[in-house]
Amino acid sequence: MKILMVCLGNICRSPLAEGIMKAKLPDHYVVDSAGTISMHEGEHPDKRAIKTAFNHHIDISQQRSRPITRKDFETFDKIYCMDINVCEEVISKAKNEEERQKVSLFLEELGDYKNVEVPDPYWGDMTDFEKVFQLLDKGCDAIRNQISK
Ligand code: 4NP
């Protein structure tokens, strides 16, 4: 099983989601992350994201931002998007129904259809990053339960 986490910049939400998901799954699962924009390509995650993960004993400091590519639709079985805009952007890149079926909203697995978006903490502070971490942690638990069924 190969899982891709996607947000806008691939420096805040999806690197955290990647780190948290990796910590919850055995090594043979492949977990990666990407962004829909290439603005931060090659950069390490935002310092606040690195610190938040570190507070929870997860090291995401070696990750590098990269934009999602067409090849990702072949490589990955599941593509989880952090918010609705990201999801629409990713779906617009899918070339057939099989690829579209791989794409879903990350928080949808929680079954709370009013709060399906992981809010972007980029313009916020450490409190916002911690809130995002908690949300991602819950979402990753739900995904782990779903895929291990
Ligand atoms: P992310 O956060 O999508 O969670 O990585 C953002 C990072 C950068 C920008 C926006 C959101 N930006 O506009 O540069």
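D72 touches L4, R66, P67 and I79, leaving aside residues up to four places away in sequence. This is a predicted model, and in it D72 sits in helix α3. With a relative accessible area of 5%, D72 is buried, and its side chain makes a polar contact of 2.9 Å with the side chain of R66. R66 turns up again among the residues that S33 touches, and L4 is on that list too.

- S33 is part of strand β2, which covers residues 30-35.
- Is S33 buried or exposed? Its relative accessible area is 2%, so S33 counts as buried.
- The S33 side chain has a polar contact with the side chain of N10, at 2.9 Å.
- A further polar contact, at 2.7 Å, links the side chain of S33 to that of E18.
- Leaving out residues up to four places away in sequence, S33 touches L4, M5, N10, S14, P15, E18, Q63 and R66. So the N10 and E18 that show up as side-chain polar partners are also on this contact list, and S33 itself is buried at 2%.

**Two residues with positive phi**

- N10, the polar partner of S33, lies in the loop between β1 and α1.
- Its phi is near 55°, a positive value in a residue that isn't glycine.
- N10 is buried, with a relative accessible area of 2%.
- H57 is not a glycine either, and its phi is positive at about 65°.
- You'll find H57 in the loop between α2 and α3, following α2.
- Where N10 is buried, H57 is exposed, with a relative accessible area of 76%.

**Helix α2 (residues 47-55)**

- Which residues of α2 are buried? They are A49, T52 and A53.
- These three cover an arc of only 95° around the axis, which means they sit on the same side of α2.
- On the face turned away from that buried side, α2 carries the exposed residues K47 and F54.
- The cover over the buried residues of α2 includes α1 (13-24) and α6.
- At the start of the helix, a side-chain oxygen of D46 comes to within 2.8 Å of the backbone nitrogen of R48.
- At the other end, α2 is followed by H57 with its positive phi, near 65°.

**Helix α4 (residues 84-93)**

- The buried residues here are V86, C87 and V90.
- Looking down the axis of α4, they fall within an arc of 100°, so they line one face of the helix.
- N85, E88 and S92 are exposed, on the face of α4 turned away from the buried side.
- What do the buried residues of α4 pack against? Their neighbours are β1 (2-7), α3 (72-75), β3 (78-81) and β4 (103-105). Among these, α3 is the helix that holds D72.
- D83 caps the N-terminal end of α4, with a side-chain oxygen 3.2 Å from the backbone nitrogen of N85.

**A142 in helix α6**

- A142 belongs to helix α6, residues 126-147, and α6 is one of the elements covering the buried residues of α2.
- At 15% relative accessibility, A142 counts as buried, because the cut-off is under 20%.
- Setting aside residues up to four places away in sequence, A142 touches E109 and L110.
- A142 and L107 are 35 residues apart along the chain, and their C-alpha atoms are separated by 8.6 Å.

**The largest pocket**

- The volume of the largest pocket is about 170 Å³.
- How many residues line the largest pocket? There are 13, of which L8, G9, H40, D120 and Y122 lie nearest its centre.
- By type, the lining divides into eight nonpolar, three polar and two charged residues.

Notes. Residues are numbered from 1 along each chain as its sequence is written. This is a predicted model: local features need pLDDT of at least 70, side-chain atom pairs count only at pLDDT 80 or more; totals for chains, interfaces and linings use all residues. Side-chain values use heavy atoms; hydrogens and water are left out. Helices (H or I, at least four residues) and strands (E, at least two) are DSSP runs, numbered from the N terminus. Buried means under 20% relative accessible area, exposed over 50%, partly exposed in between (1.4 Å probe, protein chains only). Contact means heavy atoms within 4.5 Å. The arc is that of the directions from the helix axis to the C-beta atoms. A polar contact is a pair of N or O atoms within 3.5 Å; within protein, one must be able to donate a hydrogen and the other to accept it, and residues adjacent in sequence count only if both atoms are side-chain atoms. On a 1 Å grid over the protein atoms alone, a cavity is a set of points where a 1.4 Å probe fits but cannot get out, and a pocket is an open set with protein on both sides within 12 Å along at least five of seven lines; lining residues have an atom within 4 Å of a point. Grid points are joined across faces, edges and corners, and a volume is the space filled by probe spheres set on the points. Ala, Val, Leu, Ile, Met, Phe, Trp, Tyr, Cys and Pro count as nonpolar, Asp, Glu, Lys and Arg as charged, and the others, Gly among them, as polar.
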